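Hi,

Here is the structure I promised to pass on. Have a look at it first, and my notes on the aromatic rings follow below.

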Amino acid sequence: GFLGLPWSVPMKSVLALCWNQTMLTPALIVFCVSQHCFFSRSLSASNNRNGEDSWFKSLFVRKVDPRKDAHSQLLAKKEDTNLYKIQFHNVKPECLDAYNSLCEEVLPSINTDAHYPCELIGTWNTWYGEQDQAVHLWRYRGGYPALTEAMNKLMQNKLFLEYRNERGKMLLSRRNQLLLEFSFWNEPTPRPGPNIYELRSYQLRPGTMIEWGNYWARAIEFRQQNSEAVGGFFSQIGSLYMVHHLWAYKDLQSREETRNAAWRHDGWDEVVYYTVPLIQHMESRIMIPMKTSPLK
């Protein structure tokens, strides 16, 4: 037989051997299959051949469920209701205290002014993770029109323009993303403290957002025992196929105990098993709220 193997050896075993030997090329696959199928036809039952054919086809054909809507429509709450913006500001180390004071002076005034259709959900400094970094999360009720209205009005706000000018002198870099919230997560609401917050960010493989949402729609039930789930979001503008999960804990020990407790629930291990392959990159930040953060 081919490679010295008897013709009765299953096709997937032959291809696996070729793969391990770094011999698997398109031309070799075609030759291997044609020869193997010819000589094994008289040795295999019809149902075995069908199984081998199905396995072989699965190497090249990815099953795609038909979709009539974008994943933002399938996974999110109504897009015209809530839009979120997350900001990451990398601050010059020597300017961090001044930056925090500036934010604490200006951002609450915008948050409490009904003239602006935006809400400050939380504002933090990264404790563990990327250092000298500030993270701000805003909500725009009314979606993209509310975002545009808020930005236009802020451009007429002298205090905000002065804030932005002073802020620019303190930053090394900044980036932001526009996000939608998963329909199965609770909406972020102010909570008393003191708490630490963990922002877990996942860069998914393109095309896997639906799968992620399907698994986490069940998994979130396992992570509500201590009301630790704050919000779940996925990106629309900025880095795409990015997911952010925001959690609140009393301290690092509470975080450890809460996360370990999830493994005692039937089904959590399955969620982890099937979602890990969807991830290209992941990152965790432990964050401390600023004094004026609504999420304490």
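There are 16 aromatic pairs, counting rings of Phe, Tyr and Trp (its six-membered ring) whose centres lie within 6.5 Å; planes under 30 degrees apart are called stacked, over 60 edge-to-face and the rest tilted. One of them joins F222 and W268: with 6.4 Å between the ring centres and planes at 90°, the pair is edge-to-face. F222 sits in the loop between helix 8 (209-219) and strand 6 (229-237), and W268 in helix 10 (residues 268-275), so the pair ties together parts 46 residues apart in sequence. Helices (H or I, at least four residues) and strands (E, at least two) are DSSP runs, numbered from the N terminus.

This is a predicted model, where local features need pLDDT of at least 70 and side-chain atom pairs pLDDT 80 or more, while totals for chains, interfaces and linings use all residues. Residues are numbered from 1 along each chain as its sequence is written, and side-chain values use heavy atoms, without hydrogens and water.

Both partners are buried: F222 has 16% relative accessibility and W268 has 8%. Buried means under 20% relative accessible area, exposed over 50%, partly exposed in between (1.4 Å probe, protein chains only). W268 also pairs edge-to-face with W263, at 6.4 Å centre to centre and 85° between the planes. Ring pairs link W185, Y202, W212, W216, F222, W247, W263 and W268 into a cluster.

Best wishes
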